[in-house]
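I opened this structure to look up a few things and keep notes on them.

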Amino acid sequence: HRIAYLNSRVGISPGRIAAVTFTNRAAREMRHRLQRLMGDRAQYLTAGTFHALCAMILRRDGEPIGVPKDFVIMDDEDQISLIKRSMELANVDPKRFPPRAVLSMISSAKSQLRSPEGFAATANSYYEEIVHRIFVQYQGFLDRSHAVDFDDLLSKTVELMRQSLEVRTKYQDRFIHLMVDEFQDTNIAQYQIAKELAAGYRNLAVVGDPDQSIYAWRNADIRNILSFQKDHPDAKVVHLSQNYRSTSTILDAAQHVIRPNSQRIEHQLFTENEQGTPIYVAESYTEEEEAQSVLREIHRLMETEGFSLRDCVVTYRVNAQSRALEEACLRQGVPYKLVGGVRFYQRREIKDLLAYLRLIQDPYDEVSLTRIINVPARGIGKRTVDE
């Protein structure tokens, strides 16, 4: 609504407005709502994730820092493959140093805008020295393949803004207004991008809730939203304190849970919704016992309140929790439907086909070449690949 207001009432051209959020799903929802509010004018907005915005900037203007227009973006599986090959070259045992943990540390360094050299300068343990050796090889693979990973999209955009006055001025002049959703989930690189883009007109609007900052494992930095007022002392703060979704029971419980946190901005939420049913807390000592208690509750709802199985949904925090629930359902003969599975673009045959297409576009893409050099099988062994 703020974007629609800026366009229709203030007269800001849609092409001069940028809005970024955290996930692809949130970006799709934002564009859908803008389409309803603005009609055809919405297509001229720059609206998407930070990564999509940075990819657009690098494709158009990344050459001053050595990023070619036709660069490829490595997904998670590609990155793990590259980490394993980098470990081989660095003579590091993947059994002692799990590739996923190494990639996580490299990702964290990049989100803090630290290059392999910058990482080495602060390494103060044997493990960090090992990660640095792998980091050097990994970044070399990316550069030779004309490729970037997701963290590079952000860090290289910051590098571009800092090194090229022409590019920085171009985008600062273009975007009169910059808006950032889910600001509590931004990392240091994203915060720096927002500051650089908004430095021209200083029209930066962010929406966020420090109590919802749960993505530290994705390198989100809570200090961004906590220090926003210090970095922008003339910013106007609008508290959105009314909750429209939850009952007052849920809201009170949530506020008691979050209150002991030290790094937060104190604010009191309220709702005009009904009190709601009390919260039921069940303590289980094993995952099997937890699954049994869930099924007992489902049976109680069916027998005493007239619900059917199709009325009941069980949600869990991580996919690993589904196993205990599935086994309990199988033992008791309870039919169930598991929602989710392998996403289309993560299927092996789709990734193989995309690897062929990427290799056609970019013959320097070593990751794609390694993936399909023997797919379908054509008698090429490891020794031949190495040679």
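This is a predicted model: local features need pLDDT of at least 70, side-chain atom pairs count only at pLDDT 80 or more; totals for chains, interfaces and linings use all residues.

**Sheet.** I looked up the strand order first. Four strands make an open sheet, ordered β2-β1-β5-β6, with parallel pairing. I noted that β2 (46-49) and β6 (204-206) are at the edges; each has a single partner strand, so one side of each has no neighbour in the sheet. From one strand to the next, the twist averages 15 degrees.

I then checked how β5 meets β6. Strand β5 (residues 177-180) is joined to β6 by three bridges, and the two run parallel. Opposite L178 I found L204 in β6. Helix α3 (residues 50-61) packs on the sheet and touches β1 (17-21), β2 and β5. The direction of α3 makes about 120 degrees with that of β2.

**Rings.** I looked for aromatic pairs and found six in the structure. In one of them, F97 and Y127, the ring centres are 5.8 Å apart and the planes are at 25 degrees, so I wrote the pair down as stacked. F97 is in the loop between α4 (76-89) and α5 (99-111), while Y127 is in helix α7 (residues 126-144), so the pair ties together parts 30 residues apart in sequence.

Are these two residues buried or exposed? F97 is buried, at 8% relative accessible area, and Y127 is partly exposed, at 25%. Ring pairs link F97, Y126 and Y127 into a cluster.

I also noted a charge over a ring: the charged end of R59 sits over F71, 3.9 Å from the ring centre.

**Loop.** K337 is in the loop between α15 (322-332) and α16 (348-361). Its relative accessible area is 75%, so K337 is exposed. K337 and V313 are 24 residues apart in sequence, and their C-alpha atoms are 9.7 Å apart in space.

Definitions and conventions
Residues are numbered from 1 along each chain as its sequence is written. Side-chain values use heavy atoms; hydrogens and water are left out. Two strands pair if DSSP finds at least two bridges between them. Axes are lines fitted to C-alpha atoms, for helices over the stretch in contact, and angles run from 0 to 180 degrees between N-to-C directions. Contact means heavy atoms within 4.5 Å. Buried means under 20% relative accessible area, exposed over 50%, partly exposed in between (1.4 Å probe, protein chains only). Rings of Phe, Tyr and Trp (its six-membered ring) pair if their centres lie within 6.5 Å; planes under 30 degrees apart count as stacked, over 60 as edge-to-face and the rest as tilted. A charge sits over a ring if NZ of Lys or CZ of Arg is within 6 Å of the ring centre and within 35 degrees of the ring normal.
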